[in-house]
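Trainee: Could you help me learn to read a model like this one? I would like to take one feature at a time.

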Number of protein chains: 2
Amino acid sequence: MGKAALRGVVRAVKGKSLRGDPDEVLASTRRRGQDLETAILDAAVGIIACGGMAALTMEGVAAAAHTGKASVYRRWPSKEDLLVDAMSHALPPLEVVPDTGSVREDLLALLRIMLGLINSPGGCALQAFMFDNSADKHLIAVVKKRVMEPRQQMFVDVLARGRDRGEVRPDAVDPRTAEVGPALIVHQYLMHGPPVPDAFVVELVDNVLLPLLRP
Amino acid sequence: MGKAALRGVVRAVKGKSLRGDPDEVLASTRRRGQDLETAILDAAVGIIACGGMAALTMEGVAAAAHTGKASVYRRWPSKEDLLVDAMSHALPPLEVVPDTGSVREDLLALLRIMLGLINSPGGCALQAFMFDNSADKHLIAVVKKRVMEPRQQMFVDVLARGRDRGEVRPDAVDPRTAEVGPALIVHQYLMHGPPVPDAFVVELVDNVLLPLLRP
DNA sequence: GGATAAGAAACGCAACCGTTCACTAGAAGT
DNA sequence: ACTTCTAGTGAACGGTTGCGTTTCTTATCC
């Protein structure tokens, strides 16, 4: 269904690129090595972000990457192995925790970093993967540890600095309180879908987090 | 995989029930009508709760309900139709909003109702369905409107009564603040899986919600 | 020019969908 | 009690989709 349509589009593009059409800029050359590998991983991430884990098929990935299944299987022995690398590929590097001198600005900066992640294709794919009931529990646990926990610690750090400045109620500096911001962003994402607007973060900080943290 | 194991179990059970074993209490008679229908719906809900939407297959449902595909297709023309009825079947009736005279007790009661729902098979199935990226967006929207919004309104009502008693900061009576409790429970469920313990709710109320709501 | 790997197409296999058919248990009517 | 009729059971079917493999042609790198 969506598969047939996708395939049709791919065919059309590839047909055009084969010869004759000067408006086709890319896809004129046959990619190799790292170039092709990142194209395949990008395709996998994009597919998961758009259609969820159920849409991730080797044939779909190959088609979206404008290549063949053989080139995919030459690099990854199975769909699960491709999934692992695609998730690693989607994971952004950990940003430095901001220190602006005020809790409000620190929280805004931190939540905006999180917003950028959650609104990106990689973030969508990550959500789709982590909340997929049929996915590998072990791999999900690994991703949680690598992605979620360091970011939660960044929130705790911001709260601790706010406490030292007298801005934050001392007993609010705990992991449970620290995860209120991220939890509400995830909740907003799950309830109303992407993109989560920037205004949501501002309202979240001013109407929920600051009243919660005030001494 | 899990499929083969399930089938094996089903076969074993049915084989035993066919004849000879007096320790088989159920499955001696051939069920009909409403009896069989609820058995099929229960099977569908259980399958979604355990293995997610990807595990929901007509053959799996029929096997889990100890019946044949024909009996399933006689009632529901397609998997989607079965899914709709299974979700309705999983939905609990709306409980009455408690009024204990204190915000703390009201919130505890309300969140415990939510906890009972989220920890039940129906609640797990509901989660699996609503957060499935490949599910029907329209049906998800309907479920959100029928399940989420009335419950969110109950939280707003509790907050409003608390404001009238002077327990709650007046500008905390808004939907955004009201969804903090549910959002954190959902977040806990998604991060650490079921069951969400009762102690989590108590800690949530005392360490997060009451500080957030205090005047 | 030769080694390597990309592209494209087929293959067998398995799972599942939705349908159909023959058989039979149980309910209803006489 | 006997018959009739409904509906549950169990098994097959053709069709589709996706997995993982294989083969062959051809572009690209050295």
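**A covered helix**

Mentor: Let's start with helix α7 (residues 121-130) of chain B, which is mostly covered, since nine of its ten residues are buried. This is a predicted model, where local features need pLDDT of at least 70, side-chain atom pairs count only at pLDDT 80 or more, and totals for chains, interfaces and linings use all residues. Residues are numbered from 1 along each chain as its sequence is written, while chains are lettered from A and ligands numbered from 1 in the order in which they are written.

Trainee: What do "buried" and "helix" stand for here?

Mentor: A residue is buried if 20 or more other C-beta atoms lie within 10 Å of its own, exposed if 12 or fewer, and partly exposed in between, with C-beta atoms placed from the backbone. Helices (H or I, at least four residues) and strands (E, at least two) are DSSP runs, numbered from the N terminus.

Trainee: Which residues of α7(B) are buried?

Mentor: They are Gly122(B), Gly123(B), Cys124(B), Ala125(B), Leu126(B), Gln127(B), Ala128(B), Phe129(B) and Met130(B). The cover over them includes α2 (33-51), α5 (79-90), α6 (103-119), α8 (137-164) and α10 (180-192) of chain B.

**Two helices that cross**

Trainee: How do I describe a pair of packed helices?

Mentor: Two packed helices are described by the angle between their axes and the distance between the axes. Here the axes of α6(B) and α10(B) come within 11 Å and cross at roughly 35 degrees. Such axes are lines fitted to C-alpha atoms, for helices over the stretch in contact, and angles run from 0 to 180 degrees between N-to-C directions.

Trainee: Is the crossing of α6(B) and α10(B) left-handed or right-handed?

Mentor: The crossing of α6(B) and α10(B) is right-handed. A crossing is left-handed if the near helix is turned anticlockwise from the far one by less than a right angle, and right-handed if clockwise.

Trainee: Which residues of α6(B) and α10(B) meet?

Mentor: From α6(B) come Leu107(B), Leu111(B), Met114(B), Leu115(B) and Ile118(B), and they meet Gly181(B), Pro182(B), Ile185(B) and Tyr189(B) of α10(B). By class, this contact has eight nonpolar residues, one polar and no charged. Ala, Val, Leu, Ile, Met, Phe, Trp, Tyr, Cys and Pro count as nonpolar, Asp, Glu, Lys and Arg as charged, and the others, Gly among them, as polar. Two residues are in contact if their C-beta atoms, placed from the backbone, lie within 7 Å.

**Two copies of a chain**

Trainee: How are two copies of a chain related?

Mentor: Two copies of a chain are related by a rotation about an axis and a shift along it. In this model, a rotation of 180 degrees with 0.0 Å of shift along its axis superposes chain A on chain B (RMSD 0.1 Å). That is the relation of a two-fold axis. The superposition is by least squares on the C-alpha atoms of residues with pLDDT of at least 70 in both copies. Leu212(A) is the residue of chain A that comes closest to the rotation axis, at 2.1 Å (C-alpha).

Trainee: Which residues come nearest to DNA strand C?

Mentor: A residue is near a strand if its C-beta atom, placed from the backbone, lies within 6 Å of it. Of the 24 residues around DNA strand C, Thr67(A), Gly68(A), Ala70(A), Thr57(B) and Met58(B) come nearest. α4(A) gives the most to this surface, with four residues. By class, the surface near DNA strand C has six nonpolar, seven polar and eleven charged residues.

Trainee: And which are closest to DNA strand D?

Mentor: Among the 24 residues that surround DNA strand D, the closest are Thr57(A), Met58(A), Thr67(B), Gly68(B) and Ala70(B). The largest share of that surface, four residues, comes from α4(B).

**Backbone details**

Trainee: What should I look for in the backbone angles?

Mentor: Most residues other than glycine have a negative phi, and most peptide bonds are trans. Phi of His66(A), however, is near 55 degrees, a positive value. His66(A) is in the loop between α3 and α4 of chain A, and His66(A) counts as partly exposed because 17 other C-beta atoms lie within 10 Å. As for peptide bonds, a cis one joins Pro194(A) and Pro195(A), with omega about -5 degrees. Pro195(A) sits in the loop between α10 and α11 of chain A.
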